[in-house]
Amino acid sequence: MSSTPSFRAFRIHNDAAGYRAGIEKLQLDDLAAGEVVIKVAHSSVNYKDALAGTGKGKILRQYPMNGGIDVAGYVVASADHRYREGDAVLCTGSGLSETRDGGYSEYARLQAEWIIPLPAGLTLRESMIIGTAGFTAALSLYRMEQNEQHPDLGPVVVTGATGGVGSLAIAILSKAGYEAHAITGKVEQFDWLIGLGAKQCIARKELYWGQRPLETSRWAGAIDNVGSEMLAGLTRVIHPYGNIASCGLAGGHDLATTVMPFIIRGVSLLGIASSGTARPTRERVWERLAGDWKPAGLDTICTREITLDQLPDVFDGMLAGGSLGRTLVNIG
């Protein structure tokens, strides 16, 4: 594969000439080391990708590097016995576009340990509509259920519900038998969220958490993409022994709360760090995503399909809060 013709990639630089990113022609030897080479079919756009691609977040640990924390495609060469030419595979997180070249490239060279064989029940396209966003949402529910969350306890609320993680969380919760409630600032998307399975939609501007350390409880659990004041408010209104999965910080990284929800109601705050999830857990979550948790309406959740050349425009809109659902990047 070292003689593979040059291919296109979205490459990010930060050097004496400044921070810049764009399409470049590369050779395979330009990529980070790895045991498996794939011909990329699809990737996706996550908030983290927008931060990396614009330089508005410190995501990359070294430069230059290809962007894209998600990738799916077909194996074209492998030095690892677990993967053969033609195998359909995917990889999310796992250092992509942080410490090694990511998925915004016609070819990717990956470490075998982080590659997941495409589970039966998913196409490569579906796997990237789900991508890191859906994996994060599913990992949130997986961790909550490990801590004895179940549908009979009551509804689970999702914040930032129109984004990638949020919309997929609504769909996954509904598929798993939960009553899903949605909090969003985009009231014009209430009908869209109901179509994904939300039983109740709440406008962010109409929320009032109260000022006491504990207020009347409203939900049995939460998947929070926002952080800051939103997460602090949620701690005060979760039923006894409910779980809050914290998986995002769109509203800020600070958290001003008290210990009262945790020591009086037994509320659990679960941190969701999807990028470095251990392989056995990663495999189990992807099997659920391909099976009983497979989100309905993936074509509805995928609101936009783009090419490598269109990435910069999408990044700016996402950081400005203008994204809805998932953006698929068609590469192969």
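Mentor: What follows is a set of questions on a predicted model, each answered from a computed value and, where needed, a cut-off.

Trainee: Why is the pair Phe-10 and Phe-315 called edge-to-face?

Mentor: A pair of aromatic rings is described by the distance of the centres and the angle of the planes. The centres of Phe-10 and Phe-315 are 5.8 Å apart, and the limit for a pair is 6.5 Å. Their planes stand at 75°, and planes over 60 degrees apart count as edge-to-face. The pair is therefore edge-to-face.

Trainee: Which parts of the chain does this pair link?

Mentor: Distant ones: Phe-10 belongs to strand β1 (residues 7-15) and Phe-315 to helix α9 (residues 311-319), 305 residues apart. Ring pairs also bring in Tyr-104, making a cluster of Phe-10, Tyr-104 and Phe-315. The whole structure has seven aromatic pairs.

Trainee: How do you know whether Phe-10 and Phe-315 are buried or exposed?

Mentor: Buried means under 20% relative accessible area. Phe-10 has 2%, so Phe-10 is buried. Phe-315 has 1%, so Phe-315 is buried.

Trainee: What makes Arg-288 count as lying over the face of Trp-293?

Mentor: Arg-288 is 4.0 Å from the ring centre of Trp-293, and the distance limit is 6 Å, with a further condition of 35 degrees from the ring normal. Lys-39 likewise lies over the face of Tyr-107, at 5.5 Å from the ring centre.

Trainee: Which residues have the most contacts inside the largest nonpolar core?

Mentor: Ile-170, Leu-173, Ile-223 and Trp-286, in a core of 49 residues. Elements that give two or more residues to this core include α2 (124-146), α3 (164-175), β10 (180-184) and α7 (279-290). The largest share, twelve residues, comes from α2.

Trainee: What does Trp-286 touch?

Mentor: Leaving out residues up to four places away in sequence, the contacts of Trp-286 include Leu-90, Ile-116, Pro-119, Leu-122, Ile-130 and Phe-135.

Trainee: What makes β11 and β14 edge strands?

Mentor: The open sheet has six strands in the order β11-β10-β9-β12-β13-β14, with parallel pairing. β11 and β14 (268-271) each pair on one side only. Direction ignored, neighbouring strands of this sheet are turned by 20° against each other on average.

Trainee: How do you know that β12 and β13 pair?

Mentor: Pairing needs at least two bridges. Strand β12 (residues 219-224) and strand β13 (residues 238-246) have five bridges, in the parallel sense. Ile-223 stands opposite Ala-245 in β13.

Trainee: Which strands of this sheet does α2 touch?

Mentor: α2 packs on β9, β12, β13 and β14, and its direction makes about 145° with that of β12. Helix α5 (residues 228-235) lies across β9, β10, β12, β13 and β14, at about 155° to β13.

Trainee: How do you know that β1 and β4 pair?

Mentor: At least two bridges are needed, and β1 and β4 have two, in the antiparallel sense. Met-65 in β4 is the bridge partner of Ile-12. The open sheet here has three strands, in the order β2-β1-β4, with antiparallel pairing. Its edge strands are β2 (18-26) and β4 (65-66). Helix α1 (residues 47-54) packs on this sheet, touching β1 and β2, with its direction at about 100° to that of β2.

Note on methods: Residues numbered from 1 in each chain as written. Predicted model: local features only at pLDDT ≥ 70, side-chain atom pairs only at ≥ 80, totals over all residues. Heavy atoms only, no water. Core = buried A, V, L, I, M, F, W, Y, C linked by side-chain atoms within 4.5 Å. Buried < 20%, exposed > 50% of the residue type's maximum accessible area, 1.4 Å probe, protein only. Helix = DSSP H or I, 4+ residues; strand = E, 2+ residues; numbered from the N terminus. Contact = heavy atoms within 4.5 Å. Axes fitted to C-alpha atoms, helices over the stretch in contact; angles between N-to-C directions. Phe/Tyr/Trp six-rings, centres within 6.5 Å; stacked < 30°, edge-to-face > 60°.
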